[in-house]
Amino acid sequence: MAFLFASSPHTHNRRRTNEIMRDVILCCSLGILAQTLFFGVGTLIQIAIASATAVIAEAAVLKMRQRPLAVLRDNSALLTGVLIGICLPPLAPWWIAVIGAIFAIVIAKQIYGGIGQNLFNPAMVAYVVLLISFPVQMTTWQPPLSVMAEPSSVADALSVIFTGFNVDGYSAIQMQMGIDGTTMATPLDTLKTGFSTGFTRSELQQLPIFGAIAGLGWQWVNLGYLLGGLLMIRLRLIQWYIPAGMLGALGLVSLLVFIFNADSAGSPIFHLFSGATMLGAFFIATDPVSASTTVKGRLIYGALIGVLVYFIRAWGGFPDGVAFSVLLANMCVPLIDYYTRPRTYGHE
């Protein structure tokens with residue numbers, strides 16, 4: 001009998017790939033639900049557009065490569081589309097989701113050979129390309145529904161996404177206004193801009209965009225992804241090393257800076273429950289293809305992402321930085337794996 005070898009990554013459970021991908025999507029649902037409740041149904045529309053585009057793009061590439069369409073059943077393209085949709089502003093134009101999904105599947109995944117061959121996380125590659133190419137559309141996040149000046153319905157979300165204006169003629173920028181008539185940015189962006197203009201943390205946290213723990217709405221979104229991530233660990237879909245490394249490093253660095261400069265730095269709790277922290281820790285950084293494969297390497301890989309996230313948030317040109325941090329850490333994976341590979345049995 002021939003002893004067959006297959007390339008990494010390997011999974012040590014009895015689940016099929018399509019089942020794993022399906023379960024990851026289901027675990028995302030808690031965060032998606034919170035995101036929808038606080039920021040409107042635009043989130044679901046973006047997920048639907050990106051997911052459909054990703055599946056169609058994968059089918060087209062498989063057809064051109066003369067590979068069976070049955071490969072689509074692994075649900076990897078569907079998961080990529082879901083992650084892209086989650087990361088997009090709820091009222092972003094429909095073509096943003098289409099371009100992102102096509103780029104993720106065709107360029108970041110299939111051009112390397114398909115599932116298991118990509119060097120970088122496809123969803124994060126697409127997100128970074130969109131953020132650099134279309135900064136206005138990618139940073140037009142609406143405030144939570146409770147503090148929006150103009151109420152948003154399903155019809156409004158569909159109209160803005162596909163035409164640029166809601167049923168009453170307001171644009172996405174106008175719908176970004178808060179109840180006080182001022183344009184509202186995300187909590188991370190507000191904090192970063194406020195510090196640069198001389199405001200203190202206590203002054204900024206009096207703004208309506210901030211909640212009791214972190215940003216209004218964002219704290220519950222992150223809690224939803226945290227619970228979904230813990231469920232994935234419980235189901236053994238992922239291991240705890242990378243999330244623990246990332247969250248531990250982010251919390252530690254933010255705590256050290258906060259201790260020495262509390263008036264000009266966000267608290268550790270704020271950083272852990274703002275932006276894409278929990279989504280990144282459990283659903284992005286743990287991608288088995290582009291992440292480190294050794295135990296020590298996963299801890300280092302996660303810690304590197306956490307440190308980079310804080311550096312970009314505090315001193316970089318973007319308010320969040322999870323996507324950039326993951327891609328930079330992906331570049332370091334071969335080096336990390338080389339220096340953390342386990343000792344061969346019997347080696348002195």
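Helices α3 and α4 are oblique to each other in this predicted model. The reason is the angle: the axes of α3, residues 76-87, and α4, residues 94-107, cross at roughly 140°, and an angle counts as roughly antiparallel when it is over 145 degrees. The two axes come within 10 Å, and α3 passes α4 in a right-handed crossing.

Which residues make the contact? On α3 they are Ala 77, Thr 80 and Ile 84. On α4 they are Gly 100, Ala 101, Ala 104 and Ile 105. Sorted by type, the residues of this contact are five nonpolar and two polar, with no charged ones.

Next, helix α2. This helix covers residues 42-64, which is 23 residues. From its first C-alpha to its last, α2 reaches 33 Å, close to the 33 Å expected at 1.5 Å a residue.

Just after α2 comes Gln 66, with a positive phi of about 60°. Why point that out? Most residues other than glycine have a negative phi. Gln 66 sits in the loop between α2 and α3. Is Gln 66 buried or exposed? Its relative accessible area is 74%, and the cut-off for exposed is over 50%, so Gln 66 is exposed.

There is another case to show. Arg 236 is not a glycine, and its phi is positive, about 60°. Where does Arg 236 lie? It is in the loop between α11, residues 218-234, and α12, residues 241-260. Arg 236 has 71% relative accessibility, so this residue counts as exposed too.

Notes:
Residues are numbered from 1 along each chain as its sequence is written. This is a predicted model: local features need pLDDT of at least 70, side-chain atom pairs count only at pLDDT 80 or more; totals for chains, interfaces and linings use all residues. Side-chain values use heavy atoms; hydrogens and water are left out. Axes are lines fitted to C-alpha atoms, for helices over the stretch in contact, and angles run from 0 to 180 degrees between N-to-C directions. Helices (H or I, at least four residues) and strands (E, at least two) are DSSP runs, numbered from the N terminus. Angles under 35 degrees count as roughly parallel, over 145 as roughly antiparallel, 65 to 115 as roughly perpendicular and the rest as oblique. A crossing is left-handed if the near helix is turned anticlockwise from the far one by less than a right angle, and right-handed if clockwise. Contact means heavy atoms within 4.5 Å. Ala, Val, Leu, Ile, Met, Phe, Trp, Tyr, Cys and Pro count as nonpolar, Asp, Glu, Lys and Arg as charged, and the others, Gly among them, as polar. The expected span of a helix is 1.5 Å times one less than its number of residues. Buried means under 20% relative accessible area, exposed over 50%, partly exposed in between (1.4 Å probe, protein chains only).
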